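Q: Please take a close look at the charged side chains of this structure. A connected account of one part, with its criteria stated, would be welcome.

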Amino acid sequence: MPPRPESADILLIGAGVASARCARMLRRRGFAGSILLVGDESALPYNRPPLSKELLRGEASKELAMVEPPDWYSRHRVELVTDVAVTELDVAALRVRLSDGRTVRFDRCLLATGAEPRRLAIPGGDQVHALRTLDDAERIRSAAQAAGHGARAVVIGGGFIGVEVAASLAALGLRVMVLEATSGLWGSTLGEAISEWARGRLKEVGVDLWFGALVERIGPNGPLVGGEALPAAVMVAGVGVTPRTGLAEEAGLTVDDGVVLDMSRAAAAGIFGAGDVARVPHPLAEGLAIRVEHWHAAREGGELAALGMLGEAVPPPRAPWVYSEFAGQMLDVVGWAPDRDEERVLGDPESGRFAVAYLRGGRVAQLALANGFVPVEMARAFVEARLEASELEQLAAA
């Protein structure tokens, strides 16, 4: 006879910041039912931003990356199951099957399965490190330490992860080369002023950049670019992530570059979503559903999903906010501007403290802030108000 199915009032799938913040909000709002949090990693829920920074550089312990202290879950009656994956989701029956063979019924469920790094689709691409988990960070740090001071490291991709990893490897004493396929850092999406500022700061700490670099293959000693071999003791790729939508697709949920949610953060009756896998209607995108890959979106999304689960009013999402730290510099990007009509620089890039405003239709759609040019909350409010370009002087004078 098969084992009797277990049950939980609320099931949280994915042991990341989205699930942990959802559980926290549920308890804060007075929810007294049972909560089960299931994750396929062996670690407790942790924050990913330190992976490419303090943890990679060995400046912080794994414990400091945890979303909550270990005893928080028992104190708040959240049952935590780690190192177990959800292998099947039955939306109609409100039931899941776990990789350990158990079946769990639930009333409401959060899909927070996250994303996984894109792999290099070139010969030898499997030899290159990717960074997504605590174990990944430890492997890269161990490889850097084994290579020794002055060894060459190559980072493929000049986006947020690539830039942060490159700066951290340089801090560990390696000579670093970043290979970026486009003409600027962050895939040229932040424009020339931000890219050139970052390029100068990276060069100061020993990171070289090669733009327009198309990696053809990974040889036994390093990548091949334009027929030129680049010997490297450590190789890391940061070429984006792909949302982990397999469970949702097999369950028949609507998936389009992420699990499509409504304004209550629901994908179907009883099924909610948050984090890197979630695609949510956004007022700054004229109601189109967008997906934001960053810690703030996961944190805020988990909290809003909790409100949806409780049947409370769910406020619209805030302006997206992505932050980065590299080579002693800070970069905050607020808003949403997949395209723009104009870019305006506020302040002096030479000083290292400035901003770039990205305009669409005469209004400020996005702001990139170097080293705290203005407080982030002020920038968020400015973008959310859809203020006109003529009002940028107020921001510059703040």
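Which residues are linked in a network of salt bridges?

A: The model is predicted, so local features need pLDDT of at least 70 and side-chain atom pairs count only at pLDDT 80 or more, while totals for chains, interfaces and linings use all residues. Residues are numbered from 1 along each chain as its sequence is written, and side-chain values use heavy atoms, with hydrogens and water left out.

The network of salt bridges links R299, E300, R318, E377, R380 and E384. A salt bridge here is a side-chain nitrogen of Lys or Arg within 4 Å of a carboxyl oxygen of Asp or Glu. The structure holds 31 salt bridges.

One of them joins E68 to R24, with the closest N and O atoms 2.6 Å apart. Because E68 lies in the loop between α2 (54-57) and α3 (72-75) and R24 in helix α1 (residues 17-28), this pair ties together parts that are 44 residues apart in sequence. Helices (H or I, at least four residues) and strands (E, at least two) are DSSP runs, numbered from the N terminus. Both E68 and R24 are buried; buried means under 20% relative accessible area, exposed over 50%, and partly exposed in between, with a 1.4 Å probe and protein chains only.

Another salt bridge is formed by E138 and K62, at 3.5 Å from N to O. Here E138 belongs to helix α4 (residues 134-147) and K62 to the loop between α2 and α3, so parts that are 76 residues apart in sequence are tied together. E138 counts as partly exposed because its relative accessibility is 26%, and K62 is likewise partly exposed, at 37%.

The side chains of R360 and D339 also meet in a salt bridge, at 3.1 Å from N to O. This pair links distant parts of the chain, 21 residues apart: R360 is in strand β25, and D339 is in the loop between β23 (329-335) and β24 (342-348). R360 has a relative accessibility of 25% and therefore counts as partly exposed; D339, at 43%, is also partly exposed.

Strand β25 (residues 353-360) also contains F354, which pairs with W197 of helix α6, 157 residues apart. F354 is buried, with a relative accessible area of 0%, and W197 counts as buried at 4%. F354 and W197 belong to one aromatic cluster together with F160, W186 and F326; rings of Phe, Tyr and Trp (its six-membered ring) pair if their centres lie within 6.5 Å, and planes under 30 degrees apart count as stacked, over 60 as edge-to-face and the rest as tilted.
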